[in-house]
Amino acid sequence: MKKIEAIIKPFKLDEVREALSEIGINGLTVTEVKGFGRQKGHTELYRGAEYVVDFLPKVKIELVLPDDLVERAIESIVAVARTGKIGDGKIFVTAVEQVVRIRTGETNEEAI
C-alpha cells in the first residue's frame, strides 16, 4: 500500500477528484494549505498599500491505495492538475505499513 499526497492549485480540485473517480478511487482527504516554492509569493495592493503574500493557497489531497493503482492515480492527477505554469504542485508517494478501519476493525487493504 502507498500513500499519495498531492499539492495542487485549488481550482483544479474538482477535476482531480473526477479523474480519480473515473479510475475507481472514491475515498480521499482534502486539506486547504498554504505554501510556496519557486513562486515565492507575490505582491498585492490593498487600500493603497503594497504588501507581500509569501504563502499561496494550495490544496493537499491525501489517499491510500493498493500498489496496483498508484501509477494510474499519479498519471490521472498529473494529467488534470498540470497548467504548465510555476506552482502546479508536487506529488509525494510513501509506503504505508498498516491501516485500520476504526468502525469495523478491518485492516490493511480491506480497510481502504
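**Conventions**

This is a predicted model, in which local features need pLDDT of at least 70 and side-chain atom pairs count only at pLDDT 80 or more, while totals for chains, interfaces and linings use all residues. Residues are numbered from 1 along each chain as its sequence is written, and side-chain values use heavy atoms, with hydrogens and water left out.

**Exercise 1. State the confidence of the chain, and where it is lowest and highest.**

Step 1. The predictor's confidence in each residue, pLDDT, runs from 0 to 100. The chain has a mean pLDDT of 90, and 91% of its residues reach 70 or more.

Step 2. Confidence is lowest in strand S3 (residues 42-46), with a mean of 66, and highest in S6, at 98. Strands (E, at least two residues) and helices (H or I, at least four) are DSSP runs numbered from the N terminus.

**Exercise 2. Determine the order of the strands in the open sheet and identify its edges.**

Step 1. Four strands form the open sheet in the order S2-S5-S1-S6, with antiparallel pairing. Two strands pair if DSSP finds at least two bridges between them.

Step 2. Strand S2 (29-35) and strand S6 (90-95) each have a single partner strand, so one side of each lacks a neighbour in the sheet. On average, neighbouring strands of this sheet are turned by 25° against each other, direction ignored.

Step 3. Seven bridges join S1 (residues 2-8) to the antiparallel strand S5 (residues 56-65). Lys 2 stands opposite Leu 65 in S5, and Lys 3 stands opposite Val 64 in S5.

Step 4. S1 also pairs with S6, in the antiparallel sense, over six bridges. Here Glu 5 stands opposite Phe 92 in S6.

**Exercise 3. Describe how H1 and H2 pack on each other and on the sheet.**

Step 1. Two packed helices are described by the angle between their axes and the distance between the axes. For H1 (residues 13-22) and H2, the angle is about 145° and the axes are 9 Å apart. Axes are lines fitted to C-alpha atoms, for helices over the stretch in contact, and angles run from 0 to 180 degrees between N-to-C directions.

Step 2. Contact means heavy atoms within 4.5 Å. H1 contributes Glu 15, Val 16, Ala 19 and Leu 20 to the contact, and H2 contributes Ala 73, Ser 76, Ile 77, Val 80 and Ala 81. By class, these comprise seven nonpolar, one polar and one charged residues.

Step 3. H1 lies across S1, S2 and S5, at about 10° to S5. H2 touches S1, S5 and S6, and its direction makes about 5° with that of S1.

**Exercise 4. Are Ser 76 and Ile 77 buried or exposed?**

Step 1. Ser 76 counts as buried because its relative accessibility is 14%; the cut-off for buried is under 20% relative accessible area, with exposed over 50% and partly exposed in between (1.4 Å probe, protein chains only). Ile 77 is also buried, at 1%.

Step 2. Leaving aside neighbours within four places in sequence, Ser 76 is in contact with Ala 19, Leu 20 and Ile 23. With residues up to four places away likewise not counted, Ile 77 touches Ile 4, Ala 6, Val 16, Leu 20 and Ile 91.

How values were computed
Ala, Val, Leu, Ile, Met, Phe, Trp, Tyr, Cys and Pro count as nonpolar, Asp, Glu, Lys and Arg as charged, and the others, Gly among them, as polar.
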